[in-house]
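Opened the notebook for a look through this model. I want to go over the sheet, then a helix pair, then a few single residues.

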Amino acid sequence: MLEGAQPMGQISTSGPTPSMRSLLLTRRVLVCAGCGGVGKTSVAASLGLAGAQLGRRVVALTVDPAKRLAESLGADPAVHERQFVSRERLSALGVPAEGDLSVLLLDPEHTLGELVARLSPDPRAAVRITQHPLFRYFSSYLAGANEYMAMEKLLLVLDDPECDLVILDTPPTRHALDFLNAPARLTDALDGPIIRAMGKMVSGTGRFSLDLAARGAATLLRGFGKVTGAGTLEQVATLIAELNVIFGGFRERAKRVAAVFLDPSFAYVIVVRPEAGAVDDGLFFLGALADRNMAVSAIVANRVNQVLDQELLSEGLSQLRTAVSDEQFVCLERAVQEHGAREESEVAQLARLRAATYAQGLTPIELPALPLGVKNLEALSELSAVFVETA
């Protein structure tokens, strides 16, 4: 373990808010959270590279279905095993010999299968469940399955003694709280009336039966996985009957998973964009985490555009007045006006974000908007430098 880093459960949260550099050096997990479309993936990737540049052994764990994090780090999106960035590429980006960076893509179905194998008292039952033709549909049906499986995979990675720091890129959700609520949503789904009724469809001998309650559940489940017909419903009921044996284990496991995310070795990084809606969501999430006793350690304002000299733009525009056609000039003038309005709005939103987070001792870290976006390690290094140099 790197000097200065502390094991889970032994990091004090008292005192001034730590810098991003300090978080990268001392915490075990950085959770990147926020609403969709704010660039959590690029922030997570740049944090992973920054951690490696500071000499830590980093795993970047992503559940982003677009696999952009893997692609930006040069990994194969089709591979679901841990992939290491080559030493040659890391050295070129200033990563010391003791640091490394790897990427792990989440496959929710595979992770659910691993969980079933651990919770099942009988290996043969685990095989029957995971090889059931409707197992994939069931994993999609469970409320919060993707978010919850991200939590499960994180805990598996934390057991690896060769890993100092995990960067978790949380799933793209309609609401940032969906991730933190995933364990409760999963257990609610397991305890739901449809699941209970479908479990009754199979008698003790394994034969399919439809009592009154089960008939109602069968009607509702005709939309489940785009399946219809009594034969398919029997398959569903049989799968749920098998799963009922380990549902209790799921519930207890979910409680433990939720508790782990309160550990002080976890740091929560809220990612926003300098736009009104994203700032609103970020501030709401900040309060929601506080209500759960989960202190936010950093706020990142992503894709911040450079403030241009409006007088210089206007002067350049006037010089072009006689050099282009009237139609071209109108287009240029409109573009300058739109940029000015967007810039004014961004500046106002950043000021609002700073004012709202000042009381928590947080100063938003601003990441620049890159002209060509974040598509490779070289572009990521422009962003990671901001985190490495943050005092």
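Predicted model: local features only at pLDDT ≥ 70, side-chain atom pairs only at ≥ 80, totals over all residues.

My entries follow, starting with the sheet.

**Entry 1**

I looked up the strand order and got an open sheet of eight strands, E3-E4-E2-E5-E1-E6-E7-E8, with mixed pairing. Which strands sit at the edges? I find E3 (83-84) and E8 there, each pairing on one side only.

Next I picked a pair from inside the order. E2 (residues 57-62) and E5 (residues 165-169) run parallel and are joined by five bridges. For Val58, I traced the bridge partner in E5 to Leu165.

I also checked what H14 does here. H14 packs on the sheet, where it touches E1 (29-33), E6 and E7. The direction of H14 makes about 160° with that of E6.

**Entry 1: around E7**

Is E7 mostly covered or mostly open? It is mostly covered: of the nine residues in E7 (residues 296-304), eight are buried.

I then went through the neighbours of E7. With E6 (residues 266-272), E7 pairs in the parallel sense over five bridges. In that pair I see Val271 opposite Val300 of E7. To get from E6 to E7, the chain passes through H14 (residues 276-291), and I logged this β-α-β crossover as right-handed.

On to E8 (residues 365-368): E7 pairs with E8 in the parallel sense too, over three bridges. Here I jotted down Ala301, which stands opposite Glu366 in E8.

**Entry 2: H2 against H17**

How do the axes of H2 and H17 cross? For H2 (residues 40-53) and H17 (residues 377-389), I have the axes coming within 8 Å and crossing at roughly 70°. That angle falls in the range of 65 to 115 degrees, so I call H2 roughly perpendicular to H17.

I listed who makes the contact. From H2 come Ser42, Val43, Ala45, Ser46, Leu47, Leu49, Ala50 and Gln53. H17 brings Leu377, Leu380, Ser381, Leu383, Ser384, Phe387 and Val388. Sorting the H2 contact with H17 by class, I get ten nonpolar residues, five polar ones and no charged ones.

**Entry 3: Arg253**

I wanted to know where this arginine sits. Arg253 lies in H13 (residues 230-260). Is Arg253 buried or exposed? Its relative accessibility is 18%, and buried means under 20%, so Arg253 counts as buried.

What does Arg253 touch, leaving out residues up to four places away in sequence? I wrote down Leu115, Arg118, Tyr148, Glu152 and Leu155.

Asn293 turned up with phi near 60°, a positive value in a residue that is not glycine. I place Asn293 in the loop between H14 and E7. Asn293 has a relative accessible area of 69%; exposed means over 50%, so I put Asn293 down as exposed.

Arg303 turned up as well: phi is positive, about 60°, though Arg303 is not a glycine. Where is Arg303 placed? I find Arg303 in strand E7. With a relative accessible area of 32%, Arg303 is partly exposed.

Key:
Residues numbered from 1 in each chain as written. Heavy atoms only, no water. Buried < 20%, exposed > 50% of the residue type's maximum accessible area, 1.4 Å probe, protein only. Helix = DSSP H or I, 4+ residues; strand = E, 2+ residues; numbered from the N terminus. Pairing = 2+ DSSP bridges. Right-handed = clockwise from strand over helix to strand, strands pointing away. Axes fitted to C-alpha atoms, helices over the stretch in contact; angles between N-to-C directions. Parallel < 35°, antiparallel > 145°, perpendicular 65-115°, else oblique. Contact = heavy atoms within 4.5 Å. Nonpolar A, V, L, I, M, F, W, Y, C, P; charged D, E, K, R; others polar.
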